[in-house]
Amino acid sequence: MADGQPTPSPAPQGDPSENSPSPSASVFARLRERIQGVRDTRLADRLAQIDAEFVRENARRITEADLDTVVDRAEAIEARFRNDGGIRRLLDEGRLLLGLVRDVRAGRYRCLPVWTLSAVGFALLYVLNPFDLVPDALPVVGLLDDAAVVSVCLSLVEQDLQDYQVWRRASRNEEDPTDRGASGPGLIPS
């Protein structure tokens, strides 16, 4: 610099494989690593707000009309999971969450705490909203907040999702019975 001050050098960019999380690292740890890589501290501050309390607080605000919106816009929500690289890895979980809301709203599944339904509704609406904490139009980081909200929601409602999956498998078996009687006593040649 002209005033005698040294020119600041950019932060060292080490080998990405050195910084990549181990397979056993939690979703939260991976998200924190990505947040640390975000240069705009305001953005990092926004992403750091996403935790269990953030999901709980916003889930309290979900109304029945919001849940109807989830059902009505389910295709658009699934498309966001399917098409957006930052949350594509959560596609199966997103479909499970959408199925849960649909089954509850249709009255098919009734064994779900209201809070869980609200948390799931909030997470799905958050994914749909392009103008959330970090606007989705921002390359790479725009979807980190969506992935973080869905991940936090999944961890908060894990047991209820497992119960729903058991119910879903059982109800599918009832709707699509197999030919169990095909080898019954009258069919065995004597």
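On helix α6, the face turned away from the buried side carries the exposed residues Glu75 and Asn83, where exposed means over 50% relative accessible area, buried under 20% and partly exposed in between, all with a 1.4 Å probe and protein chains only. The buried residues of α6, which spans residues 74–83, are Ala74, Ile77, Glu78, Arg80 and Phe81. They lie on the same side of α6 because they cover an arc of only 150° around the axis, the arc being that of the directions from the helix axis to the C-beta atoms. An α-helix has 3.6 residues a turn, so residues three or four places apart point the same way.

The buried residues of α6 pack against α5 (64–72), α7 (85–88), α8 (91–105), α9 and α10 (144–156); contact here means heavy atoms within 4.5 Å.

## The model and the chain as a whole

The structure is a predicted model, in which local features need pLDDT of at least 70 and side-chain atom pairs count only at pLDDT 80 or more, while totals for chains, interfaces and linings use all residues. Residues are numbered from 1 along each chain as its sequence is written, and side-chain values use heavy atoms, with hydrogens and water left out.

The chain has 11 helices and zero strands, these being DSSP runs numbered from the N terminus, with helices (H or I) of at least four residues and strands (E) of at least two. Of its 190 residues, 37% count as buried, and among the contacts with a separation of 6 or more, 69% are between residues 24 or more positions apart. The accessible surface of the chain comes to about 12000 Å², and 52% of that area belongs to carbon and sulfur atoms, as computed by the Shrake-Rupley method with a 1.4 Å probe, only the protein chains shown counting as cover for residues.

The structure holds six aromatic pairs, counted when ring centres of Phe, Tyr or Trp (its six-membered ring) lie within 6.5 Å, with planes under 30 degrees apart called stacked, over 60 edge-to-face and the rest tilted. One of them is the edge-to-face pair of phenylalanine 54 and phenylalanine 122, at 5.9 Å centre to centre and 65° between the planes. This pair links distant parts of the chain, since phenylalanine 54 is in helix α4 and phenylalanine 122 in helix α9, 68 residues apart. Phenylalanine 54 and phenylalanine 122 are both buried, and together with Tyr126 they form one aromatic cluster.

## Threonine 116 in helix α9

Threonine 116 lies in helix α9, residues 114–128, and counts as buried because its relative accessibility is 3%. Its side chain makes a polar contact of 2.5 Å with the side chain of aspartate 160, a polar contact being a pair of N or O atoms within 3.5 Å; within protein, one must be able to donate a hydrogen and the other to accept it, and residues adjacent in sequence count only if both atoms are side-chain atoms. Leaving aside neighbours within four places in sequence, threonine 116 is in contact with Val157 and Asp160.
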